[in-house]
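Hello,

Here is the structure I promised to pass on. Please have it open while you read my notes.

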Amino acid sequence: EICTGTAPSIALNSTASGTSFTWSVVEDAGVTGASGCNSLCGSNIGQTLNSSNSTSATATYTITGTANNCTAQATAVVTVDPLPNGSISGTTSICSGNSAVLTFHLPVGTGPFNVTYTEGVTPHTLTGISDGFTITVGPYTETSTTNIDFQITSINDGNICSRSSGFLGGAIVTVTPLPVVGPVQETEVLCNGGASGTLTIN
């Protein structure tokens, strides 16, 4: 089992001296990089395989060994796992003093996932989560409008495949300060014939 973009090491050996090897290969849809070999193939298969699938796929090698005019076959199945990928949703605006809910979407790869993300410039790590995991961030207290950016910086999945760039998107929480109400100045309203009353709010 390998992660996409890497090569297996399939050692070919035989108890018969002087055995030569050839092979053919069948790839699942989305898998590329595998090819057959008909002559001078050596004794190791180490082709770099890639997969565009969101889940595991395979390349199946049928290996033929020939020695003393006799042949035998064996099969090697290589599972190619995608690099995990994901995004954060929950872009919203909140008033100062409140919190927000963010959701981690992990549609590519095999769980459980370990995800590192940034809250502004502060890194955080979530361990053993699954697609659709939610967190509550905040509460935030701000005196001016502030955008807090949430971005994934790495994902490791259950197949020990990892990604550190090219993620599917992040979220921004905009924190708006509360309005400031100034002191109230009140003048008592007098009876008929007296001065008019006033009420001033700054």
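Below are the notes on its cysteines.

First, the ground rules. This is a predicted model, where local features need pLDDT of at least 70, side-chain atom pairs count only at pLDDT 80 or more, and totals for chains, interfaces and linings use all residues. Residues are numbered from 1 along each chain as its sequence is written, and side-chain values use heavy atoms, with hydrogens and water left out.

One joins cysteine 3 to cysteine 161, with the sulfur atoms 2.0 Å apart. The torsion about their S-S bond is about -100°, so this disulfide is left-handed. It links distant parts of the chain, 158 residues apart. Cysteine 3 is in strand 1 (residues 2-3), and cysteine 161 is in the loop between strand 15 (146-156) and strand 16 (162-163). Strands here are DSSP runs (E, at least two residues), numbered from the N terminus. Cysteine 3 and cysteine 161 are both buried (under 20% relative accessible area, 1.4 Å probe, protein chains only).

The other pairs cysteine 37 with cysteine 41, again with sulfur atoms 2.0 Å apart. This link is left-handed too, at -105° about the S-S bond. Cysteine 37 and cysteine 41 are both buried.

Counting bonded cysteines along the chain, the pattern is 1-4, 2-3. Cysteine 70 is in no disulfide. Its nearest cysteine sulfur belongs to cysteine 41, 19 Å away.

Best wishes

Methods. Disulfide = S-S within 2.5 Å. Helix = DSSP H or I, 4+ residues; strand = E, 2+ residues; numbered from the N terminus. Buried < 20%, exposed > 50% of the residue type's maximum accessible area, 1.4 Å probe, protein only.
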